[in-house]
Amino acid sequence: RVLFRPLREENLDKKYPVSKLQSQTLGTNITVYYRVALNLNSKQGNKIPGIQHGLLPGISIKGLVQDASLVTKTACERYIRQTENSKKNVELSLTFCHDSHIQYLNEQYRGVSKPTDVLSFEINGETETDYPILGDVVISMDTAVKQSMERHHKYSLRDEFRVLFTHGLLHLFGFDHETDSGMGQDEMLHMAEEERVIFSILGWNELRGLIEHNIPEARVGTVN
């Protein structure tokens, strides 16, 4: 099956193995496949301050994946309609990478030759399964570190990851905010509100969504 395009790229397959984390909510089985495509060996020219043996400053990769699973569970509870006496399976992939790799993806799929913080790749068309395969979320940890240091509220790297993953996941559920994709201000405000709602449900009330960070208009008004 043609799935998880960035996760299954040939130039990453041999060097960076895929792991998975499974969880369940309201009868939905959630599997997050993840790959750590980072140079963790300082002898190879480590780009991210504080990374040693799979550890980011003060947190572990597994801790970030657990956060991703929590966000995914919350989103599934909000957006996937449950049917009686049936269980659903939901899959997505998550790639942690450097700026160089996300720039490659950004140029290949969006025609933008520069790094970004998060990219989402929705699975379009039919798959070989009868359950939702959401797609890919790719996060540059180089950019995440930089942005966590630049945020007005001095986010930790874990805070920044939560913001980026939530934003990327909402794209996989069909939310958008880009004017060039045909979406208007109402859709942009709706996505910003969903970011706030997910943070509130998870008790991450100190976080501000990526749209609110980047688009001042999203800081006013709410969507019912």
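Predicted model: local features only at pLDDT ≥ 70, side-chain atom pairs only at ≥ 80, totals over all residues.
Student: Which residue does the side chain of Lys-146 meet in a salt bridge?

Tutor: Its partner is Asp-99, with 3.2 Å from N to O. Lys-146 sits in helix α4 (residues 141-150) and Asp-99 in helix α3 (residues 99-110), so this pair ties together parts that are 47 residues apart in sequence. Asp-99 has 12% relative accessibility and therefore counts as buried.

Student: How many salt bridges does the structure hold?

Tutor: There are six salt bridges. One of them joins Asp-67 and Arg-162, whose closest N and O atoms are 3.1 Å apart. Asp-67 belongs to helix α2 (residues 61-79) and Arg-162 to helix α5 (residues 157-172), so here the parts tied together are 95 residues apart in sequence.

Student: Are Asp-67 and Arg-162 buried or exposed?

Tutor: Asp-67 is buried, and Arg-162 is buried as well.

Student: Where do Glu-193 and Arg-196 lie?

Tutor: Both are in helix α6 (residues 185-201), three residues apart, which is about one turn of the helix. Glu-193 is buried, with a relative accessible area of 13%, whereas Arg-196 is partly exposed at 22%.

Student: Let's turn to the rings. How many aromatic pairs are there?

Tutor: The count comes to five aromatic pairs. One of them is formed by Phe-161 and Phe-165, at 6.0 Å centre to centre with 20° between the planes. To name the arrangement, look at that angle: planes under 30 degrees apart count as stacked, and this pair is stacked.

Student: What separates Phe-161 and Phe-165 along helix α5?

Tutor: About one helical turn, because they are four residues apart in helix α5. Both Phe-161 and Phe-165 are buried.

Student: Which residues do ring pairs link into a cluster?

Tutor: Look for Tyr-79, Phe-173 and Phe-175, which ring pairs link into a cluster.

Technical notes:
Residues numbered from 1 in each chain as written. Heavy atoms only, no water. Salt bridge = Lys/Arg side-chain N within 4 Å of Asp/Glu carboxyl O. Helix = DSSP H or I, 4+ residues; strand = E, 2+ residues; numbered from the N terminus. Buried < 20%, exposed > 50% of the residue type's maximum accessible area, 1.4 Å probe, protein only. Phe/Tyr/Trp six-rings, centres within 6.5 Å; stacked < 30°, edge-to-face > 60°.
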